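Student: I have a model open and want to go through some of its local geometry. Can we start with the backbone?

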Amino acid sequence: MYEKKKIIVLTGAGISAESGISTFRDAGGLWEGHDIMEVASPQGWRKNTKLVLDFYNIRRRQLKNVEPNPAHWAISYLENNFDVVVITQNVDNLHERAKSSNIIHLHGELLKVRSTKNESLVYEWETDLQLGDYCEEGAQLRPHIVWFGEDVPMMSVAISHVRQADIILIIGTSLLVYPAARLVDYAKPDAFIYLIDPKADEIKSQRAVIPIAQKAGEAVPRLVNELIERYG
Ligand code: APR
């Protein structure tokens with residue numbers, strides 16, 4: 001029986017750059033003017049909870065003013081010909097809005113919050129999150145985001161998909177943050193791995209990759225068409 005090839009798409013902040021969402025490391029280590037540890041670590045949360053809540057409230061509101069770009073749409077188009085799993089480090093919902101159906105959010109989601117007492121209590125959340133918003137067990141809610149130093153619970157599921165991939169597209173990530181950057185180590189020896197990022201020639205990967213040093217919005221739709229012609 002004819003079996004579809006399996007494609008894993010690993011995305012980072014760069015795929016959403018052309019939708020108007022800032023990347024992390026392009027602005028001198030600052031994320032929208034903040035030291036990353038101030039707004040993306042348990043220590044930052046304890047030190048200034050209000051600041052962290054406000055920071056993610058702004059990011060959550062911003063989602064209403066941005067749209068998926070041609071790279072997000074091209075990835076969902078791949079599903080017509082391939083078995084596709086998107087593994088994203090992004091907390092935005094642009095892959096969902098471009099209609100990809102299998103999406104793993106390694107670093108959480110802006111449109112979810114969870115209890116600070118019982119992390120299995122996760123809720124959909126579209127508005128601002130305030131001090132005094134509690135879970136059903138009476139504890140403060142926090143953004144459902146994986147911060148520095150925290151476990152990445154979706155990592156083992158992501159690894160099992162990468163192990164089965166025939167083709168891997170890595171798009172718009174500096175591959176500087178672990179364990180996500182390690183995912184590619186689990187690829188089959190004969191998997192084709194493409195790296196699409198304007199800085200593709202500088203980014204260090206554990207595995208040999210085919211670099212495409214261009215912006216995702218142009219390069220991904222073109223590559224998707226090529227993959228469909230060649231393997232679809
Ligand atoms: N198209 C493709 N790539 C782009 C584009 C574009 N238009 N614009 C910028 N890039 C690339 C940059 O060259 C850079 O390599 O996107 C990459 C963004 O890298 P980072 O800012 O480091 O983002 P990312 O790799 O997703 O960060 C990983 O770090 O702070 C944490 O949890 C956060 O998920 C995030 C993780």
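Predicted model: local features only at pLDDT ≥ 70, side-chain atom pairs only at ≥ 80, totals over all residues.

Student: What is the peptide bond from Y178 to P179, cis or trans?

Tutor: The bond from Y178 to P179 is cis, and its omega is near 5°. For context, most peptide bonds are trans.

Student: Is L175 buried or exposed?

Tutor: L175 counts as buried, because its relative accessibility is 7% and the cut-off for buried is under 20%.

Student: And K99, what is its phi?

Tutor: K99 has a positive phi of about 75°, and K99 is not a glycine either. K99 lies in the loop between α6 (94-97) and β5 (103-105).

Student: Buried or exposed, for K99?

Tutor: Exposed, with a relative accessible area of 61%. The cut-off for exposed is over 50%.

Student: Changing topic. How many salt bridges does the structure hold?

Tutor: Eight. The background is simple: side chains of opposite charge can pair when their charged atoms come close.

Student: Take K50. What does K50 form a salt bridge with?

Tutor: The partner of K50 is D54, and their closest N and O atoms are 2.8 Å apart.

Student: Why are K50 and D54 separated by about one helical turn?

Tutor: Because both belong to helix α4 (residues 49-62) and are four residues apart there.

Student: How accessible are K50 and D54?

Tutor: K50 is partly exposed at 43% relative accessibility. D54 is partly exposed as well, with a relative accessible area of 30%.

Student: What about a pair in helix α8?

Tutor: E226 and R230 both lie in α8 (residues 216-231), four residues apart, or about one turn of the helix. They form a salt bridge with the closest N and O atoms 3.7 Å apart. E226 counts as partly exposed, at 37% relative accessibility.

Student: Which residue does D166 form a salt bridge with?

Tutor: K188, with the closest N and O atoms 3.2 Å apart. This pair links distant parts of the chain, its residues being 22 apart. D166 is in the loop between α7 (155-163) and β9 (167-171), and K188 is in the loop between β9 and β10 (192-196).

Student: Are D166 and K188 buried or partly exposed?

Tutor: D166 is partly exposed at 24% relative accessibility, and K188 is partly exposed at 28%.

Student: Back to α8. At what angle do α5 and α8 pack?

Tutor: Helix α5 (residues 70-77) and α8 pack at about 15°, with their axes 7 Å apart. That makes α5 roughly parallel to α8, because angles under 35 degrees count as roughly parallel. The crossing of the two helices is left-handed.

Student: Which residues make the contact of α5 with α8?

Tutor: From α5, they are P70, A71, A74, I75 and Y77. From α8, they are A216, G217, V220, P221, V224 and I228.

Student: How does that contact divide into nonpolar, polar and charged?

Tutor: Ten of the contact residues are nonpolar, one is polar and none is charged.

Notes: Residues numbered from 1 in each chain as written. Heavy atoms only, no water. Salt bridge = Lys/Arg side-chain N within 4 Å of Asp/Glu carboxyl O. Buried < 20%, exposed > 50% of the residue type's maximum accessible area, 1.4 Å probe, protein only. Axes fitted to C-alpha atoms, helices over the stretch in contact; angles between N-to-C directions. Parallel < 35°, antiparallel > 145°, perpendicular 65-115°, else oblique. Left-handed = near helix turned anticlockwise from the far one by under 90°. Contact = heavy atoms within 4.5 Å. Nonpolar A, V, L, I, M, F, W, Y, C, P; charged D, E, K, R; others polar.
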